[in-house]
Amino acid sequence: MKEFGLEYRKYIIGGVATLIVVIYLIRLFSLQIMSDDYKKNADSNAFLKKIDYPARGSITDRTGKLLVYNQPAYDIMVIMNEEAGRVDTADFCNALGITEEYYTKRMAEIKDRNKNPGYSRFTQQIFMSQLSEEEFSVFREKLYRFPGFYIQKRSIRQYQYPYAAHVLGDVAEVSPSDIEEDEYYQSGDYIGKLGVERSYEKELRGEKGVQILLRDAHGRIKGRYQNGKFDRKPVAGKDITLSIDVELQALGERLMEGKIGSIVAIEPSTGEILCMVSSPTYDPRLMVGRQRGKMHRAMQKDPWKPLLNRAIMGQYPPGSTFKTSQGLTFLTEGIITPETTYPCHRGFLYKGLRVGCHGHGSPLPLIPAISTSCNGYFCWGLYHMMSNRTKYKTVQDAMNTWRDYMVSMGFGYKLGVDLPGEKRGLIPNADFYDNAYKKDWSGLTIISISIGQGEVNLTPLQIANLGATIANRGYYITPHVVKAVKGQPLDEKYKEKHVTKAARSAYDYIVKGMRSSVMGGTCHAANRSDYEVCGKTGTAQNRGHDHSVFMGFAPMNNPKIAIAVYVENGGFGATFGVPIGALMMEKYINGKLSDGSEARARAMQSRHVAYGSSDR
């Protein structure tokens, strides 16, 4: 028994020893073969890998006007192992016009692996970025005095016009999360942060090049390794053409001065966005270079939220513009015919419930109901749809049928525009109301959704897309701001037709109603003799002053432009929405404004909406 115990311990000790040897061998293999940490350190003593940054792709508008281009800039790079405290700090700071406190703080930030996870004392780290040509010239003369410091040439973005900031976006230094998400980036690189610069980052950025330089024991550059055999040239980013017309964009931004809201215009046949105005806006030229961080922080704190792209992020009640979608649904479902009349005694009155309306003839059929923007008509239509037990077994069935029509028209979900940050709005369904009212609800409970109020919310982009869908008589193409990317085809999803559930014949009646609205209804201020305009106003109720809304398109039978105008707290749709929409359509269709229209544009530009703190 004693001998057996000794034998047993012998195997245990032998096993432990073997395990230690195996662990040691695995670790040795990991360090020498699998890991390149030691190799990097050794290589860093002999080689300097200098990154050649590619030129970022330029951006032009649909007419070829240059919007965004590159300008030379210079970064100061440091290799900590070479600097190693050998720099005359006072001389260095004097050459760059910085304080010694800044120098000490910046060097500490570079070494901080929490702020700079890619730090290595053997590789180049960015000390100071985006020096201008003038700043660089002064520093270059003294560069030889500062061991471990190098110059890295790159380019920064320049913006030709003070317009379309929300569409174009901007470029800034990568964050730690950017580096984690894409191995292409390293500390000190730049990336698109907003707008097209962000959504088309991979197309715009190009591919980095690299020069492998030899160094001696003192870190001095001795030339290219093997005469540049292993160097790689940078590949420039792809140029992009936007669908935006910068002159139309400029007019839209003028007209929205002193107002909060948005203008979105779409070419119906292609889904190309002709302008996307969000107000208040900002000059994209302010977001360039080392001042970007300061400007960005200031705008983040601005209570008017100029960084918010209200065209795709603002979620609003669409008001009476939504009545067009109701007419399409009721016609297609057979709830009404074009000749169906409903009463309107200054509103919808039934079982003690009243939804007010302005004065007009009564009863009236569909086309005049659209023309006069009758609330009563569309309330009756929704009530009869929700109450129809011959066609729908339950109110829930009716509600979900209604919801399906709305979704097919591009509401309730993101449209898929090629810009970051799009919101989906809200289209309620039966479950929504079952949860809200414990399944005890009816058409009367939700009657306000028939006139674009209540729980319904859309973005200005979705309202403009509704105009484009009606202009096309029943389909839309996903709205997009990029018209072409040089050297590659446009994504197929920006060519696909989305056909709605509404009947083609139903659209003809809605178009007639919108035309009648311009001829003598609530949109009469948009009427012209040289082309036929179709439109629909909206006065969206709000806790404060009502919002002013317009949705329309022109020409009626060969539509070139569909547009939505949304002015927060602007009052009636005819007050701001219609005149702004009319001027924008004239500018795009005729290429310019008449003298009289230019005078009206200047008057609108100077006409501001008075906002209180509760309106923001």
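User: Where is Leu-251 found?
Analyst: Leu-251 is in helix 11. Helices here are DSSP runs of H or I with at least four residues, strands are runs of E with at least two, and both are numbered from the N terminus.

User: What kind of model is this, and how are residues numbered?
Analyst: This is a predicted model, where local features need pLDDT of at least 70, side-chain atom pairs count only at pLDDT 80 or more, and totals for chains, interfaces and linings use all residues. Residue numbers start from 1 along each chain as its sequence is written, and side-chain values use heavy atoms, leaving out hydrogens and water.

User: Back to Leu-251. Buried or exposed?
Analyst: Leu-251 is buried, at 4% relative accessibility. Buried means under 20% relative accessible area, exposed means over 50%, and partly exposed is in between, with a 1.4 Å probe and protein chains only.

User: Which residues does Leu-251 touch, leaving out those up to four places away in sequence?
Analyst: On that count, Leu-251 touches Leu-583, Met-584, Lys-587, Leu-593 and Ala-601. Contact means heavy atoms within 4.5 Å.

User: How does helix 11 pack with helix 22?
Analyst: Helix 11 (residues 246-255) and helix 22 (residues 595-605) pack at an angle of about 50°. Their axes are 7 Å apart. Helix 11 is therefore oblique to helix 22. The axes are lines fitted to C-alpha atoms, for helices over the stretch in contact, and angles run from 0 to 180 degrees between N-to-C directions. Under 35 degrees is roughly parallel, over 145 roughly antiparallel, 65 to 115 roughly perpendicular, and the rest oblique.

User: Which residues meet there, from helix 11 and helix 22?
Analyst: Helix 11 brings Leu-251, Arg-254 and Leu-255. They meet Glu-598, Ala-601, Arg-602, Met-604 and Gln-605 of helix 22. By class, the contact of helix 11 with helix 22 has four nonpolar residues, one polar and three charged. Ala, Val, Leu, Ile, Met, Phe, Trp, Tyr, Cys and Pro count as nonpolar, Asp, Glu, Lys and Arg as charged, and the others, Gly among them, as polar.

User: New topic. How many cavities of 30 Å³ or more?
Analyst: The count is one cavity of 30 Å³ or more. The largest cavity has a volume of about 320 Å³. On a 1 Å grid over the protein atoms alone, a cavity is a set of points where a 1.4 Å probe fits but cannot get out; a pocket is an open set with protein on both sides within 12 Å along at least five of seven lines; lining residues have an atom within 4 Å of a point. Points are joined across faces, edges and corners, and a volume is the space filled by probe spheres set on them.

User: What lines the largest cavity?
Analyst: The largest cavity has 21 lining residues. Nearest its centre are Arg-56, Arg-154, Ser-155, Val-171 and Tyr-190. Strand 5 (149-159) gives the most to this lining, with five residues. Helix 10 (201-205) supplies at least two. The lining of the largest cavity has ten nonpolar, four polar and seven charged residues.

User: And how is the second largest pocket lined?
Analyst: The second largest pocket has 30 lining residues and a volume of about 800 Å³. Arg-106, Ser-129, Glu-173, Arg-290 and Gly-293 lie nearest its centre. Elements giving two or more residues to this lining include helix 5 (100-111), strand 4 and helix 12 (292-301).

User: Now the backbone. Which residues are joined by a cis peptide bond with omega of about -10°?
Analyst: Ser-362 and Pro-363. Pro-363 sits in the loop between strand 14 (353-356) and helix 15 (366-372). A cis peptide bond also joins Ala-554 and Pro-555, with omega of about -20°. Pro-555 is in the loop between strand 19 (547-554) and strand 20 (561-567).

User: Which residue has a positive phi of about 55°?
Analyst: Gln-130, although it is not a glycine. Gln-130 is in strand 4 (residues 125-131) and is buried at 12% relative accessibility. Asn-569 is not a glycine either, and has a positive phi of about 60°. Asn-569 is in the loop between strand 20 and helix 21 (577-590). Asn-569 is buried at 5%.

User: What about Phe-572, buried or exposed?
Analyst: Phe-572 is exposed, at 59%. Phe-572 also lies in the loop between strand 20 and helix 21. Beyond residues up to four places away in sequence, Phe-572 touches Gly-538, Thr-539 and Ser-548.
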